[in-house]
Amino acid sequence: MDFRKLCSALRLLETQGGDARIADAQIIALLLERGPQTYEQLCAHLALSNSAVSRTVQRLSAINRKGKPGFGLVAVEQDPREGRRNLALLSQKGRVFLDGIGAS
């Protein structure tokens, strides 16, 4: 995946509201490369705190933590193997977005 292209595309999303950050691109790239990930896995792979991962995933989800529309690129589902954990994964909109920039 062309990381620069992904960062540029996220900047374009900022024009629709929100604020794209480098962690956004890192999480999207990791989800594209490895598929659904627990928050713990995202923390380990990206050397981010749990709170940073949680805030970033929420910003990338349909509704951010302040109750306003997010980017809608990431979905959160309950982990079928461990019901107390959540998995972050690319949403359908996220897959279309990545296809549109030629990242997948």
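Which residues gather in a patch of positive charge on the surface? They are Arg55, Arg65, Lys66 and Lys68. Please keep in mind that this is a predicted model, where local features need pLDDT of at least 70, side-chain atom pairs count only at pLDDT 80 or more, and totals for chains, interfaces and linings use all residues. Residues are numbered from 1 along each chain as its sequence is written, and side-chain values use heavy atoms, with hydrogens and water left out. The structure also holds five salt bridges, and the points below visit several of them.

- The patch on the surface is made up of Arg55, Arg65, Lys66 and Lys68; patches take residues with over 30% relative accessible area and no salt bridge, joining like charges within 9 Å and nonpolar side chains (Val, Leu, Ile, Met, Phe, Trp, Tyr) within 5 Å.
- For charge, Lys and Arg count as positive and Asp and Glu as negative, while His and the chain ends are not counted; the place of a charge is taken as NZ of Lys, CZ of Arg, CG of Asp or CD of Glu.
- Arg55 sits in helix α4, which covers residues 50-60; helices (H or I, at least four residues) and strands (E, at least two) are DSSP runs, numbered from the N terminus.
- With a relative accessible area of 35%, Arg55 is partly exposed; buried means under 20%, exposed over 50% and partly exposed in between, for protein chains only, and the areas come from the Shrake-Rupley method with a 1.4 Å probe.
- Thr56 also belongs to helix α4, and Thr56 counts as buried because its relative accessibility is 4%.
- Beyond its neighbours within four places in sequence, Thr56 is in contact with Ala23, Asp24 and Ile27, contact being heavy atoms within 4.5 Å.

**Salt bridges**

- Side chains of opposite charge can pair when their charged atoms come close.
- A salt bridge here is a side-chain nitrogen of Lys or Arg within 4 Å of a carboxyl oxygen of Asp or Glu.
- Another bridge joins the side chains of Asp79 and Arg85 at 2.9 Å, N to O.
- Asp79 is buried, at 1% relative accessibility, whereas Arg85 is partly exposed, at 36%.
- A network of salt bridges links Asp79, Arg81 and Arg85.
- The side chains of Glu82 and Arg84 meet at 2.8 Å, N to O, in a salt bridge; Glu82 is partly exposed with a relative accessible area of 24%, and Arg84 is exposed with 76%.

**The loop between α3 and α4**

- Ala47 is in the loop that runs between α3 (39-46) and α4, and Ala47 counts as exposed because its relative accessible area is 71%.
- The phi of Ala47 is near 55 degrees, a positive value in a residue other than glycine.
- For context, most residues other than glycine have a negative phi.
- Leu48 is placed in the loop between α3 and α4 and is partly exposed, with a relative accessible area of 24%.
- Leu48 and Ala23 are 25 residues apart in sequence, with their C-alpha atoms 8.7 Å apart in space.
- Setting aside neighbours within four places in sequence, Leu48 is in contact with Ala23, Cys43 and Val53.

- Ala20 is found in the loop between α1 (3-14) and α2 (22-34).
- Between the C-alpha atoms of Ala20 and Leu10 there are 5.9 Å, with the two residues 10 apart along the chain.
- Outside the four places on either side in sequence, the contacts of Ala20 are Leu10, Arg11, Glu14 and Phe71.
- Arg11 lies in helix α1 and is exposed, with a relative accessible area of 52%.
- From C-alpha to C-alpha, Arg11 and Ala23 are 13 Å apart, and they stand 12 residues apart in sequence.

**The loop between α4 and β2**

- Ile63 is in the loop between α4 and β2 (74-78).
- Ile63 and Lys93 are 30 residues apart along the chain, and their C-alpha atoms are separated by 13 Å.

Definitions and conventions: Buried means under 20% relative accessible area, exposed over 50%, partly exposed in between (1.4 Å probe, protein chains only).
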